[in-house]
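Here is my note on the model you sent. The points run from the overall layout to single residues.

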Amino acid sequence: MVKFHIKKGDKVKVIAGDEKGAEGEVLRIIRDKNRAVVKGINMVKKHVKPTAQNPEGRIVEMEAPIHISNLMLIDPKTGQPTRIARKRDENGNPIRISKKSNEII
């Protein structure tokens with residue numbers, strides 16, 4: 001199983017692609033495709049067929065997944081994009097540490 005540098009709920013910045021420079025919160029991680037869905041990033045329009053609840057059908061605007069390599073975690077202390085280090089605390093539990101501020105994320 002691959003360890004990702006971001007998790008659900010993290011604030012991230014897009015570092016490559018059409019949305020470069022945009023920031024948002026991770027809503028979902030898709031592990032098998034190495035992708036993440038970020039709130040307000042990579043918006044697409046999806047056509048929804050008519051159903052019993054929605055007899056006319058409609059066009060829905062939603063977030064599409066973006067590759068995880070195009071995202072960088074934002075340091076909660078400085079507000080800048082940062083890399084992370086993985087260490088263990090005194091109980092042996094894994095923790096993520098910001099490389100810029102050395103703070104626990």
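Strands here are DSSP runs of E with at least two residues, numbered from the N terminus. On that basis, Asn42 falls in the loop that links strand 3 to strand 4 (43–48). The model is a predicted one, and the points below should be read as such.

1. Domains. The chain splits into domain 1, residues 1–72, and domain 2, residues 74–104. Eleven residues from domain 1 and seven residues from domain 2 take part in the contact between them. The C-alpha centres of the two domains are 24 Å apart.

2. Annotated segment. UniProt, in an unreviewed entry, lists "domain: KOW" for residues 5–32. Over residues 5–32 the model has 43% strand and 0% helix.

3. Five strands make an open, antiparallel sheet in the order 6-3-2-1-7. Strand 6 (66–67) and strand 7 are the edges, each pairing on one side only.

4. Strand 1 and its partners. Strand 1 (residues 11–14) runs antiparallel to strand 2 (residues 23–30), and three bridges join them. Within this pairing, Glu25 of strand 2 is the bridge partner of Lys11. Strand 1 also pairs with strand 7 (residues 71–73), again antiparallel and over three bridges. Here Val14 is opposite Leu71.

5. Two faces of strand 1. In a regular strand the side chains alternate between the two faces of the sheet. In strand 1, Val12 and Val14 are on the covered face, while Lys11 and Lys13 are on the uncovered one.

6. Core. The largest nonpolar core has 13 residues, and the members that touch the most others are Ile6, Val12, Val38, Ile66 and Leu71. Strand 1, strand 3 (35–38) and strand 7 are the elements that each give two or more residues to this core. Leaving aside neighbours within four places in sequence, the contacts of Ile66 include Val14, Val38, Ile41 and Leu71. Arg35, Ala36 and Asn42 are also among the contacts of Ile66.

7. Asn42. A polar atom of the Asn42 side chain lies 3.1 Å from the backbone oxygen of Pro65. Beyond four places in sequence, Asn42 is in contact with Glu19 and with Met62, Glu63, Ala64, Pro65 and Ile66. Asn42 and Ala22 are 20 residues apart in sequence, with their C-alpha atoms 9.8 Å apart in space.

8. Asp10. This residue is in the segment before strand 1. Asp10 is classed as buried because its relative accessibility is 11%, against a cut-off of under 20%. Which side chain does the Asp10 side chain meet in a polar contact? The partner is the side chain of Arg96, at 2.8 Å. Not counting residues up to four places away in sequence, Asp10 touches His5, Gly24, Glu25, Val26, Leu73 and Arg96. Arg96 falls within the bounds of domain 2 (74–104), and Glu25, the bridge partner of Lys11 in strand 2, is also among the residues that Asp10 touches.

Key. Residues numbered from 1 in each chain as written. Predicted model: local features only at pLDDT ≥ 70, side-chain atom pairs only at ≥ 80, totals over all residues. Heavy atoms only, no water. UniProt positions renumbered as here; feature names shortened; annotations may be inferred. Helix = DSSP H or I, 4+ residues; strand = E, 2+ residues; numbered from the N terminus. Buried < 20%, exposed > 50% of the residue type's maximum accessible area, 1.4 Å probe, protein only. Pairing = 2+ DSSP bridges. Core = buried A, V, L, I, M, F, W, Y, C linked by side-chain atoms within 4.5 Å. Contact = heavy atoms within 4.5 Å. Polar contact = N/O pair within 3.5 Å; in protein donor to acceptor, adjacent residues only side chain to side chain. Domains from an automatic or database assignment.
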